[in-house]
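Please examine the sequence and the structure shown below.

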Amino acid sequence: MDFDVEKIRQDFPLLSQKVHGHPIVYFDNGATTQKPRQVIETVRRYYEEENASIHRGVHFLSERSTETYEKAREKVRKYINAASTNEVIFTSGTTGSINALAFSFGEKHLGPGTEVIITEMEHHSNIVPWQMVCERKGAKLKVVPFNEKGELVMAEFKKLLSDKTRIVAVTQISNSLGTINPVKEIIRLAHKSEVPVLVDGAQAIPHESIDVRDLDADFYAFSGHKAYGPNGIGVLYGKEKLLYDLPPYQGGGDMVDCVSFEKTTYDQLPFKFEAGTMNYIGAAGLATALDYISGIGLDRIREYEKYLLEYATMKLMTVSGLEIYGNAAEKISTISFLMDGIHPYDAGMVLDKLGIAVRTGTHCTQPVMDHFKITGTLRASMAFYNTTGEIDRLHAGLHRVREMFG
Ligand code: PLP
């Protein structure tokens, strides 16, 4: 395969680290990804040469900083193929984006007798904000189940869609099962009933090419840190006509047009939704991260990660008593699993001593664990900088776990 992973790894300083005396194997990319030098350099250069608050000053640095921030917005627009930069709102991350939308949308459109549809495989970030707003507004939350392979039951979704539904909020890719959901079809069906759809793209952005217009998504949320960018920056995309009608989520500096004690008017899109001093340095880092991904190419990333998924699945299945949770036909390179009779924390701790970082626990998807009647799993989530050699080390590590715990 034409994929020079060793060359790519050289861009990621953290990957040359040792943990407990072993070269690190980082398989916790679903939680957060490591950063390439290019992103680290953007952030460093910004602090050293450009740092000034955006949109506020006429001085040189402030204008330059504003320009970099708005260029980052344009970069995101292009990356997700939004129609206009007015549709790209910077937030603190996926959680920030979904909370903002749930609050604003709820204020405007939810009330007694209305319903919100989510799915059983959502991250808590796409459950709790909707639960909170439903409680506040007297609306009901409806949940689409998934089957034993970890695929959404589309027939149930169709049954739940009704004239009471006001919005559908669905993850494009499950962080604990790896399932790639048919979001385009979900959006098509929802639109037939004139219902808008929020797509949680937190796990999709590092693995898939995103075209919000092709998807016809009404809202799309993602985090920079899961796509090789800095922490504390994210995006809420929304169709301009829908955002225009929504009230702001937070009040403060920069989001206003005119403030008086009698009445305040709000700024235009997208600034109406960006209160306070935004994370402009994070936005610049995110733009560099998106360039970095584009430089490798999402088609090549997909192909290589598919190879990693197949190799790892084949290897893990040879470990006795190991069960994989999430066997959807369409999956990203994330594998959740358990070894019978062994607590995931015990296994995770042994792997850690061998320098292997996997995630253990519920992965902020307690309903997924409830579905399988388990308390948690181990999760290996792989990125394009991982190697088959590292999978071999995980495989050997799991044999060691088996030896130790019987
Ligand atoms: N949605 C999904 C599917 C996720 O995997 C995550 C994080 O793991 C989130 C939302 C929340 O992302 P963040 O913590 O970056 O806001």
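**Ligand contacts and helix packing**

A polar side-chain atom of Asp-200 lies 2.6 Å from a nitrogen atom of the ligand. The model is predicted: local features need pLDDT of at least 70, side-chain atom pairs count only at pLDDT 80 or more, and totals for chains, interfaces and linings use all residues. Residues are numbered from 1 along each chain as its sequence is written, and side-chain values use heavy atoms, with hydrogens and water left out.

**The ligand site**

- The ligand is surrounded by 13 residues, where a residue is near a molecule if one of its heavy atoms lies within 4 Å of it.
- The closest of these residues are Thr-95, Asp-200, Ser-223, His-225 and Lys-226.
- The shell around the ligand divides into 1 nonpolar, 10 polar and 2 charged residues; Ala, Val, Leu, Ile, Met, Phe, Trp, Tyr, Cys and Pro count as nonpolar, Asp, Glu, Lys and Arg as charged, and the others, Gly among them, as polar.
- Ser-223 has a polar side-chain atom 2.7 Å from an oxygen atom of the ligand, and a polar side-chain atom of His-123 lies 3.3 Å from an oxygen atom of the ligand; a polar contact is a pair of N or O atoms within 3.5 Å.
- Of the 390 Å² of accessible area that the ligand has on its own, the protein covers 86% (areas come from the Shrake-Rupley method with a 1.4 Å probe).

**Helix pairs**

- Helices are DSSP runs (H or I, at least four residues), as are strands (E, at least two), numbered from the N terminus.
- Axes are lines fitted to C-alpha atoms, for helices over the stretch in contact, and angles run from 0 to 180 degrees between N-to-C directions.
- Helix α2 (residues 37-50) and helix α10 (residues 280-296) have axes that come within 8 Å and cross at roughly 150°.
- The axes of helix α12 (residues 344-353) and helix α14 (residues 388-405) come within 9 Å and cross at roughly 125°, so α12 and α14 are oblique to each other.
- For helix α11 (residues 298-316) and α14, the axes come within 10 Å and cross at roughly 20°. Therefore α11 is roughly parallel to α14.

**Backbone features**

- The peptide bond from Leu-269 to Pro-270 is cis, with omega near 0°. Pro-270 lies in the loop between β12 (264-266) and α10.
- His-20, a residue other than glycine, has a positive phi, near 50°. His-20 is placed in the loop between β1 (18-19) and β2 (22-23).

Conventions. A polar contact is a pair of N or O atoms within 3.5 Å; within protein, one must be able to donate a hydrogen and the other to accept it, and residues adjacent in sequence count only if both atoms are side-chain atoms. Angles under 35 degrees count as roughly parallel, over 145 as roughly antiparallel, 65 to 115 as roughly perpendicular and the rest as oblique.
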